[in-house]
Amino acid sequence: MYRSIALAAVLVCAAGAAFAQGGKVTVVTSFSKDVTDPIKKAFEKAVPGSTLEVQNRNTNAGVKFLEETKANNQVDLFWASAPDAFEVLKGKKLLAPYKPKATGIPEKVGSYPINDKDGFYVGFAASGYGIMWNERYVKANKLPTPKEWQDLAQAPYFDHVSISAPSRSGTTHLTIETILQGEGWAKGWRTTKEISGNLRQVTDRSFGVPENVNSGQVGYGIVIDFFAFSSQGAGFPVKFVYPSVTTLVPANVGVVANAPNKAGAEAFIEFLLSTTGQETLLEPSIRRLPVRPEVYAKAPADYPNPFKDKKLQGLLTFNADLSEKRNQAVDVLFDQLITFQLEPLKAATKSLHELDAALAKKPNPQASALAKEARDLIAAMPITDTEAAAPEMHAAFTGGKQKTARQAELEQQWSAFAKEKYAAAKAKADEGLKLAR
Amino acid sequence: MALALSPSTIRSPGAALVALGIAAFLVLFLVVPVAAVVYVAFTEKGGGGFTLVNFLDFANTDLFVRSFWNSMYVSAMTVVGASVLALPLAYLTTRFEFRGSALVQTLGFLPLIMPPFVGAVAMQLLFGRNGTVNLLLDDWFGVKVGFMEGLNGVIFLQAIHYFPFILVNLSAALRNIDRSMEEAAQNLGSQGLRLFRRIALPLALPGYVAGASLVFVKVFDDVASPLLLNVKEMMAPQAYLRITSIGIDDPMGYVIAVVLIVIAVVTMWISARALKNRDYATTQRGGGGLARRKLSPRQSALAYVLVLFLLALVLAPHVGLLLLSFATIWSFSPLPDAYTLAHYARVLGDSSVYIGNTILYSGLAAAIDVVLGGAIAYLVLRTRLPARGALDWGAGAALAVPGVVLGIGYLRAFYGVKLPDGTPLAALWIMIVLALAIRRLPYALRAAYAALQQLSITLEEAAENLGATKSRTVRRIVVPLITGGLLAGFVTSFATAAVELSAVLMLVQNNSDAPLSYGLYVLMQTPAGRGPGAAMGVIAVIIVAACMALSQIAAGRAQRSREMEI
């Protein structure tokens, strides 16, 4: 009698556990409906009895949400592109470690490790950065086709390029960081500012850039690959290229600390890494690069394959540690030197383009020297890379805990610095233009 | 015009109770959550003690000072632009025999219901640098006009977007003016513009000021339109950008939020001062005093041309939205490449849940707003309760609380509060309703305030002299007579709550509780989602417009049946 009751209790518990395997899995994600819907469908089919509850928030809002609600957490998974967001969550102890059981996934994609070294988050797809453009726009304005970042700094591109602010978009932040790591601090900022002199706009949402390129409001956009691929998938007349200084970075998923349905969360990660899960990444509305090499056999022709394409393999090794250390400094520098000084920067750049054109017609060594001086003035930075990565700098941007410089003070210094340099650069360029004519 | 009369001096315990109830509501759902977020603005870095150094930083930062003046300029110019759009529409449709008045009023309200994101895309496709208008102009004349460039672009967009505030409030006020006022002036030889300038406009001033001050504060506080044009050097976008990204731990975002709130309160205070010590009430109400004037055929033709032109301008975004919802691909061309119904097919399944939620949330929020707004207006204008003004300022300040601040505040204040089964209080959909109600309360309040200001106190005194109790007077005299104003408030609150996104985005916990604006946001983050997003936007506009029309019809019926009784 007692034994049968005990047995029944065990059975009930077992049934409960089996149910928990599926059940409701709540995920906070920055991925759009086009990405989550097909995956949700495939997951619910692969793990019967489970439902995936998707909460769509942009990456920053998602991090903020988990932070604000940690005392009574109701979320099982965090699922987003930017590895830095996961680093932030890890630092705030909002993630739980999990080691996936799936096998057959390489250590690295391109030259970036797929999984977090401490096991707090798992890469499930890769993406790289590049340039997308609207073919109709380019044709109507008789503009060239870019291949490298530096191309975007050339005169014909003036006022035709768009980027989202790195402080607003984890993906752009990584693009800038990639350029800085690939070319070094001084040269990298020089390239970034030279391109920025041609900017039409700095948008505040990552998706603002492909949106404007798709509708033909701007010609070129600096974007993560899947924005371009999924725009092509939707039928827009756009093209995309990976410049040689780029990096492939995994999009990630991690279990949230104190997840109400931990087993379900783990089941979802296993599903994402399974062959079925990886194949959904190839859908026209998703178009990410799977981390499971054999899945590329099913990909459409000319789909980039980071495990085969030579171009995507010799890429630079991304230093995530360095990126993390100077994360806020880079964002604030970009905002203060470029986003909020765009007009002076563009004015100086425009004068320089005119000077170059005049010099091409009639060389003049004195004017050339002035052009170089003007370029150096634009490229000047208020702080060095060592200063940017220093702990005091980090502390200045993390609110009330440490007694350091206030963020607002630094911002005012940097923007005043940029304003002065850009005005001086414009004066030099205009002076040169007088000589050259 | 009746002589200026002081408010009734009766102090009733009932009024005090109501006032306490409202105060408790505002403290709980506005002051506490906002304070939970903005106290950072007053804390010192490193020490955590009280300080004003952050405000000094604000004044010393070029960017913020520039943003402040940009915002001031844009808000003031938008009021001018919106007035130019609203005055003719309001005057013609309320004071004259004008066929299609109701239609014009309804259509004139639509710009306020511009769904987030898709509205922006539609505007770019029409007026942007390579939008329809500019592509055609470039083709024909070789010129392009920067409709959407810089601060002037923001003014253009904001004037179109927010002029309904003036239209609705001014129309309600104009309708309340006794026809005999105009007749008297006409008998004395006044006509045309002079009649409008000297009689109609001054008498309708409370409505105009209510609308204009709303426009000013809303433009000051608006994040969406400047950001859509990539204008970041304004106050509200600065606050938004900082709170949601780089300055997440920095006090400056919250300092700006405090500045926004102060500006809103000051604006409301100035607008109240401007109307103080004057009386706008006319006594003869409800009876035959509301006859309309006739237009001569020539005037009439002119009026129609003007009205059609204005409507074409302000409805252009919706036309763009409609085109976008049927377009296959629309890129760098005056019109879409081809048309399809597929986008509607795709969203139809999803949107029924969203639609239901939207109507439920916005309806409840607007109902709360009308009740609270009416009560606050009555307490302020008709009683002598101490500190009654605080209720008014408190509710008015809600206008300037950035949506994201309120959203974070709700999470911070209520997520830790658990229900018996462990779900956090902040996870309930009712919290979205409350956030919407707080966000939209000022609209209903302004409308109720204006309506009550136009109602002569002599009517209430007469009722009370005849032995009616205070509550009976309110029920039988005040409420019926300010129904028009309350309805205007309900419609404004409802329609704008239906497309609110910033606070909603913070508070939505799962898809089955999400309103339309959230569904739209989710769709609009992908290239393939643009068409379906536009389709959902069109559905949202239709639903909101239908609800407005229904409430207007219902109110009309109620009014007529009341007139029968009288």
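How many residues has helix α3 of chain B, and how far does the helix reach from its first C-alpha to its last? Helix α3 (residues 62-95) of chain B has 34 residues and reaches 49 Å. The expected span is 1.5 Å times one less than the number of residues. Helices here are DSSP runs (H or I, at least four residues), numbered from the N terminus.

The model is predicted: local features need pLDDT of at least 70, side-chain atom pairs count only at pLDDT 80 or more, and totals for chains, interfaces and linings use all residues. Residues are numbered from 1 along each chain as its sequence is written, and chains are lettered from A and ligands numbered from 1 in the order in which they are written.

α3(B) is bent by about 30° at A86(B). A proline, P88(B), follows within four residues. The bend is the angle between axes fitted to the seven residues ending at a residue and the seven starting there. Helix α15 (residues 342-382) of chain B bends by about 50° at D350(B). With 41 residues at 1.5 Å a residue, α15(B) should span 60 Å; its end C-alpha atoms lie 56 Å apart, which agrees.

Helix α18 (residues 429-453) of chain B packs against helix α7 (residues 150-175) of chain B at about 20°, with the axes 10 Å apart. Axes are lines fitted to C-alpha atoms, for helices over the stretch in contact, and angles run from 0 to 180 degrees between N-to-C directions. The pair is therefore roughly parallel (under 35 degrees; over 145 is roughly antiparallel, 65 to 115 roughly perpendicular, the rest oblique). The crossing of α7(B) and α18(B) is right-handed (the near helix is turned clockwise from the far one by less than a right angle; anticlockwise is left-handed). N169(B), A172(B) and A173(B) of α7(B) meet R446(B), A447(B), A450(B) and A451(B) of α18(B). Contact requires C-beta atoms, placed from the backbone, within 7 Å. By class, this contact has five nonpolar, one polar and one charged residues. Ala, Val, Leu, Ile, Met, Phe, Trp, Tyr, Cys and Pro count as nonpolar, Asp, Glu, Lys and Arg as charged, and the others, Gly among them, as polar.

α18(B) also packs with helix α10 (residues 205-221) of chain B, at about 165° and with axes 9 Å apart. α10(B) and α18(B) are therefore roughly antiparallel. Their crossing is right-handed. P206(B), G207(B), A210(B) and L214(B) of α10(B) contact Y443(B), R446(B), A447(B), Y449(B), A450(B) and Q453(B) of α18(B). Seven of these residues are nonpolar, two polar and one charged.

The axes of helix α13 (residues 252-275) and helix α16 (residues 388-397), both of chain B, come within 9 Å and cross at roughly 130°. α13(B) is therefore oblique to α16(B). The crossing is right-handed. I261(B), A264(B), V265(B) and M268(B) of α13(B) contact W393(B), G396(B) and A397(B) of α16(B). Six are nonpolar, one is polar and none is charged.

Between the chains, the contact takes 61 residues from chain A and 54 residues from chain B. Helix α18 (residues 407-436) of chain A gives the largest share of the chain A side, seven residues. That side has 16 nonpolar, 29 polar and 16 charged residues.

Note on methods: Helix = DSSP H or I, 4+ residues; strand = E, 2+ residues; numbered from the N terminus. Contact = placed C-beta atoms within 7 Å.
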